[in-house]
Amino acid sequence: MVKIFRAIVSIVPMVAVIALSCTSCGISQYTNIDDVLSCKNGWYKTLSSDFSKGTMPDKWAIRGDHEARDCGGETFYWDNDEVSFPPSTDHLKINYEQKASELNTTGCIETKTTETDPGFNQAFGYWEVDCKLLQEQYGWSAFWLQCNGESQVGNGGRDGSEIDILESLYYIEPKNTVRITTHCDGYDDTPIFGHHKEFYKIASYTDSGNQPISFYDGNYHKFGLLWTPERYYMYVDRHLVMETDGGGVVGICQVPVYAILSGHMGPGGNNFGYENIKFSDYTEPGEFDIRSFNCYQNSHFEKYIRQTSDFS
């Protein structure tokens, strides 16, 4: 059985300095977002990717053409041709379109290390993308972290997790909803491989007067994850909107991961409550517009980094 832990919160942007009530490794003093951005108190930048230059930045590569993960009972495809730099803006565009009645395509880029690409991998730190979300019906923008250890069963997500920083489904109401999801112990929910676990937490982004701030206002927004050895902290436009310890059973990943920016299509599975939506409801093509990506590390976190092989 898939184990799902749900928590729904609505949090007004707050001062981005967090004091933990209890900590086992003394990292609460390193969660000031201003320190991160100014590279103070142990923080330093590890990767800066500018997608406004008209070419693919170093460490990033397009994920090859293939069938993407089944999404709510229907299949879509990651197509290399759907990743481009239109001359009008030069920002990276991940397109979303229905090329034919049975061919729904979008795109994906990643920093995974391969035989031909050096890639970029890191555990902990602050990860941020500056982007304009896809705004077409049934389109889905995603910013997520992944590693090979996600499929290793046991130890919760400590030996490897998929960490979904941003999953933006345009048809979800209200338009200021953000969620963080972590997956571990593989994805299969079968009698043989039925070990998959996940945890997600939802928050709404509001101003100081508790009025919703829509992500679909035609502007760029920054989505960030501050990942410590003990907790995940989610930021929107550098305002803290939620924090979590990963839900106990899943926990906090301790091993290096790589970054993925991708388009998706369809309902996004039962967790979103739209499992009956079909691609036949598709309307217009759209774009996931990515302006920049930045990643930081803190020297005080480095001693807590482990490898999946460290776990028995």
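**Buried charges and a covered strand**

Author: Let's start inside: Asp-289 and Lys-93 are both buried. Keep in mind that this is a predicted model.

Reader: OK, how far apart are the closest N and O atoms of Asp-289 and Lys-93?
Author: These two side chains form a salt bridge, and the cut-off for that is 4 Å between a Lys or Arg nitrogen and a carboxyl oxygen. The closest N and O atoms of Asp-289 and Lys-93 are separated by 2.6 Å.

Reader: How many residues apart in sequence are the parts that this pair ties together?
Author: Asp-289 sits in strand S19, residues 286–298. Lys-93 belongs to strand S7, residues 92–100, so the bridge ties together parts whose separation in sequence is 196 residues.

Reader: Which residues are linked in a network of salt bridges?
Author: The structure has nine salt bridges in total. Some of them join up into a network, and its members are Lys-93, Glu-287 and Asp-289.

Reader: Which residue forms a salt bridge with Arg-238, and where does each one lie?
Author: The closest N and O atoms in this bridge are 2.9 Å apart. Arg-238 is in the loop between strands S16 (232–236) and S17 (239–244), and its partner is in strand S10 (residues 125–132), 110 residues away. That partner is Glu-128.

Reader: Is Glu-128 buried or exposed?
Author: Arg-238 has a relative accessible area of 31%, so Arg-238 is partly exposed. For Glu-128 the figure is 4%. Buried means under 20%, so Glu-128 counts as buried.

Reader: Let's turn to Arg-179. Which residue does Arg-179 form a salt bridge with?
Author: The closest N and O atoms in this pair are 3.5 Å apart. Arg-179 lies in strand S13 and the partner in strand S12 (residues 162–169), so the bridge ties together parts 12 residues apart in sequence. Both residues are buried. The partner is Glu-167.

Reader: Which side chain does Thr-181 join in a polar contact of 3.1 Å?
Author: Thr-181 is found in strand S13. With a relative accessible area of 1%, Thr-181 is buried. The 3.1 Å polar contact joins its side chain to that of Arg-179.

Reader: Leaving aside neighbours within four places in sequence, which residues are in contact with Thr-181?
Author: Contact here means heavy atoms within 4.5 Å. With those neighbours set aside, Thr-181 touches Phe-199 and Tyr-200, along with Glu-162, Ile-163, Asp-164 and Glu-167.

Reader: In what sense do S13 and S14 pair, and over how many bridges?
Author: Strand S13 covers residues 177–184, and S14 covers residues 197–204. Between them, His-183 stands opposite Glu-198 of S14. The pairing is antiparallel, and the number of bridges is eight.

Reader: How many of the residues of S14 are buried?
Author: Lys-197, Phe-199, Lys-201 and Ala-203 point one way from S14. Glu-198, Tyr-200, Ile-202 and Ser-204 point the other way, and every one of these residues is buried. The count for S14 is eight of eight.

Terms used. Residues are numbered from 1 along each chain as its sequence is written. This is a predicted model: local features need pLDDT of at least 70, side-chain atom pairs count only at pLDDT 80 or more; totals for chains, interfaces and linings use all residues. Side-chain values use heavy atoms; hydrogens and water are left out. Buried means under 20% relative accessible area, exposed over 50%, partly exposed in between (1.4 Å probe, protein chains only). Helices (H or I, at least four residues) and strands (E, at least two) are DSSP runs, numbered from the N terminus. Two strands pair if DSSP finds at least two bridges between them. A polar contact is a pair of N or O atoms within 3.5 Å; within protein, one must be able to donate a hydrogen and the other to accept it, and residues adjacent in sequence count only if both atoms are side-chain atoms.
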